[in-house]
Amino acid sequence: MDLRHLRYFLRVADEMHFGRAAQRLGISQPPLSKQIRALEDELGVKLFDRTSRRVRLTEAGRLFEPEARRALEQADRAARIARLAHSAEIGRLGLGFTTSGPFIPFVARALHRFRRTYPDVELILREQGRDEQIEGVLSRQLDIGIVRDYRTPVLPDGVVAQCLQQEEMILAVRDDHWLARRPQPPRIADLRDEPLVLYGPPNGTGFTEHFFALCEEAGFVPKIAHEARSLATLLGLVSAGFGPTIIAQSMARLHVDNVVNRSFAAPSPSSLWLVHGEELSPTGAAFRRTILEERDGEAEAGAA
């Protein structure tokens, strides 16, 4: 059924006059009458009783009228939703992020700005490790992932990565530990005989791999005293004296009793990557644009 036929029918039903209805529609009367007859032929019923003096709805036309209005309203709503979705004003955004992600200022600002700019977009946030996020992007459960890796992540076909920033790995250690008290900055080699608290898989994937590679370069395999699944547990165990840990520099903004953060003597950069499909959804493209603008704005402010 042509939606145009419904609009023509409703205009005649409103005016109860073919001439006035045609004028309101911006067409001549003969084409309007032809379209109404075509609708009646399609339905197999007569919608109007016509005489030279008056037009009125038949019983079938009277019952058809509210249904036709609802059909047009639904069609208009569907078209409006499609336009809003295309402009990212409504829809869904699946966003994965590494634990340290929200502690990075431009990431936090991007999240705040996106929620304010697109309040009707359903935002689904998932704290996940690198491999889980990449799988989520591949399966389209996530539109975008924010992952850590010291190199360009190994990605399947159809998934791409863009480096957002590099920041240093730092040592978080209890304040009475010898590495906290020593004046000289710690080195990776200083951790040779230290029991460590690290993220367990899958959250530590990428970041922990990098740390293990640095230890291998220094000629030792790190001793893992405990593995933690959450940031709170990780830093809580450090505070309790179970051993030092390695965190991204952005995490130094957290204050934990009895824990100090120390930069390594030799910088050990860790990279933050934006991971997404080659073709982004409108909401995904809007968030990607938002986070890159916030990152670039921060860089420009820092350079000023």
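Visitor: Where is R140 found?
Guide: R140 sits in the loop between α6 (130-138) and β5. This is a predicted model, so everything here is computed from it.

Visitor: Is R140 buried or exposed?
Guide: R140 is exposed, with a relative accessible area of 72%. R140 also has a positive phi of about 70°, although R140 is not a glycine.

Visitor: What about N258, what is its phi?
Guide: The phi of N258 is positive, about 70°, and N258 is not a glycine either. N258 lies in the loop between β9 and β10.

Visitor: And how accessible is N258?
Guide: N258 has 34% relative accessibility, so N258 counts as partly exposed.

Visitor: Back up a bit. How many helices and strands are in the chain?
Guide: The chain has 10 helices and 11 strands. Its radius of gyration is 32 Å, whereas the globule rule gives 19 Å for 304 residues, so the chain is more spread out than a compact globule.

Visitor: What box do the C-alpha atoms fill?
Guide: Along the principal axes, the C-alpha atoms fill a box of roughly 105 × 40 × 35 Å.

Visitor: What share of the residues is buried?
Guide: Buried residues are 43% of the 304 in the chain. The accessible surface comes to about 16200 Å², and 50% of that belongs to carbon and sulfur atoms.

Visitor: What about contacts between residues 24 or more positions apart?
Guide: Among contacts with a separation of 6 or more, such residues account for 74%.

Visitor: Which feature does UniProt place at residues 1-58?
Guide: The unreviewed UniProt entry gives "domain: HTH lysR-type" there. Residues 1-58 are 62% helix and 10% strand, with the end C-alpha atoms 20 Å apart.

Visitor: Next, E65. Where is it, and what does E65 touch?
Guide: E65 is found in helix α4 (residues 59-86). Leaving out residues up to four places away in sequence, E65 touches F9, L10, A13, D14 and L57.

Visitor: Why does E65 count as buried?
Guide: The relative accessible area of E65 is 19%, and buried means under 20%, so E65 falls within that class.

Visitor: D149 is another acidic one. Buried or exposed?
Guide: D149 is buried, with a relative accessible area of 2%. D149 is found in strand β5 (residues 144-149). Beyond residues up to four places away in sequence, D149 touches R130, G206, S271 and W273.

Visitor: Switching to helix α9. Which residues are buried?
Guide: In α9 (residues 231-239) the buried residues are L231, L234, L235, L237, V238 and S239.

Visitor: What do they pack against?
Guide: The buried residues of α9 pack against β6 (159-174), β7 (195-199), β8, β9 (245-248) and β10 (259-263).

Visitor: What follows α9?
Guide: G241 follows α9, and its phi is positive, near 90°.

Visitor: Last one, F220. Where is F220 found?
Guide: F220 is in the loop between α8 (207-217) and β8 (223-228). Its relative accessibility is 8%, so F220 counts as buried.

Visitor: What does F220 touch?
Guide: Not counting residues up to four places away in sequence, F220 touches I188, A189, L191, R192 and C215. F220 and I188 are 32 residues apart in sequence, and their C-alpha atoms are 9.8 Å apart.

How values were computed:
Residues numbered from 1 in each chain as written. Predicted model: local features only at pLDDT ≥ 70, side-chain atom pairs only at ≥ 80, totals over all residues. Heavy atoms only, no water. Helix = DSSP H or I, 4+ residues; strand = E, 2+ residues; numbered from the N terminus. Rg over C-alpha atoms; globule rule 2.2 N^0.38 Å. Buried < 20%, exposed > 50% of the residue type's maximum accessible area, 1.4 Å probe, protein only. Contact = heavy atoms within 4.5 Å. Areas by Shrake-Rupley, 256 points an atom, 1.4 Å probe, with all protein chains shown as cover. UniProt positions renumbered as here; feature names shortened; annotations may be inferred.
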